[in-house]
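Good morning, colleagues. Please turn to the sequence and the structure, which I shall now put on the screen.

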Amino acid sequence: MNRARTAGADYQAKLPAPFGMLGIRTTEGRLSEIVFLKPDGAALAPRDGVSERTCRQLEDYFEDPEFRFDVPLTAQGTPFQRRVWAKIAVIGAGRTRSYGEIARELRSAPRAVGQACGANPVPLVVPCHRVLAAGGIGGFAHHEGGFHLAIKRWLLAHEGAARSGR
């Protein structure tokens, strides 16, 4: 889900972040999507209360990696994705888990867990960056390198997380 769209007009806010820009989408009074954007666009002031609350909480997270989000989320995803996201949501700042650990708990496969992580529509709020491959950092937002992996590295460093689970 976390892919940039060509038209920026459908964002309810665009927030500068230490690693680029975040596009915020809301639906019916709930956060529906956070999109990682490159830093070359202009910020967009929040257009509704949920996007304003989301931006404020993201700024709080950038100041304090222990900050806990409490924005209302749009219900979305398959039943399996929702089970994966629920496991991810309880991983604390500075902690990591592996795709394999989560897969074993859900009686699934690491690749399926990785696909669900990549489909997470609200990264940071549901911290999929805290899920790593058994032998390294793994992918991020359906990307194996480049801009998105640099964001994952920044987020893990921001939280003081080790490269392996702790």
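I shall speak about the strands, then about one lysine, and finally about the pockets.

Please bear in mind throughout that this is a predicted model.

Let us begin with strand β2, which spans residues 20-27. How many of its eight residues are buried? The count is seven, so strand β2 is mostly covered, buried being defined as under 20% relative accessible area.

Strand β2 has partners in β1 and in β3. Strand β1, residues 13-17, runs antiparallel to β2, and five bridges join the two. One of these pairings sets Ala17 against Gly20 in β2. Two residues lie between β1 and β2, and the two strands form a hairpin.

Strand β3 covers residues 30-37 and pairs with β2 over seven bridges, again in the antiparallel sense. Here Thr26 stands opposite Leu31 of β3. β2 and β3 likewise form a hairpin with two residues between them. In that turn, Glu28 has a positive phi of about 50°.

I turn now to Lys87, which is placed in helix α2, residues 79-89.

The largest pocket holds about 340 Å³ of space. It is lined by 19 residues, and those closest to its centre are Tyr99, Gly114, Gln115, Gly139 and Glu144. Which helix gives the most to this lining? Helix α4 does, with six residues. Helices α3, residues 99-106, and α4, residues 110-118, each supply at least two residues of the lining. By class, the lining of the largest pocket comprises eight nonpolar, eight polar and three charged residues.

The second largest pocket has a volume of about 200 Å³. Its lining consists of 14 residues, with Phe67, Arg68, Phe69, Ala89 and Arg130 closest to the centre. In this second lining, ten residues are nonpolar, one is polar and three are charged.

That concludes the presentation. Thank you for your attention.

Conventions:
Residues numbered from 1 in each chain as written. Predicted model: local features only at pLDDT ≥ 70, side-chain atom pairs only at ≥ 80, totals over all residues. Heavy atoms only, no water. 1 Å grid on protein atoms, 1.4 Å probe; cavity = no way out; pocket = protein on both sides within 12 Å on 5 of 7 lines; lining within 4 Å. Points joined across faces, edges and corners; volume = space filled by probe spheres on them. Helix = DSSP H or I, 4+ residues; strand = E, 2+ residues; numbered from the N terminus. Nonpolar A, V, L, I, M, F, W, Y, C, P; charged D, E, K, R; others polar. Buried < 20%, exposed > 50% of the residue type's maximum accessible area, 1.4 Å probe, protein only. Pairing = 2+ DSSP bridges.
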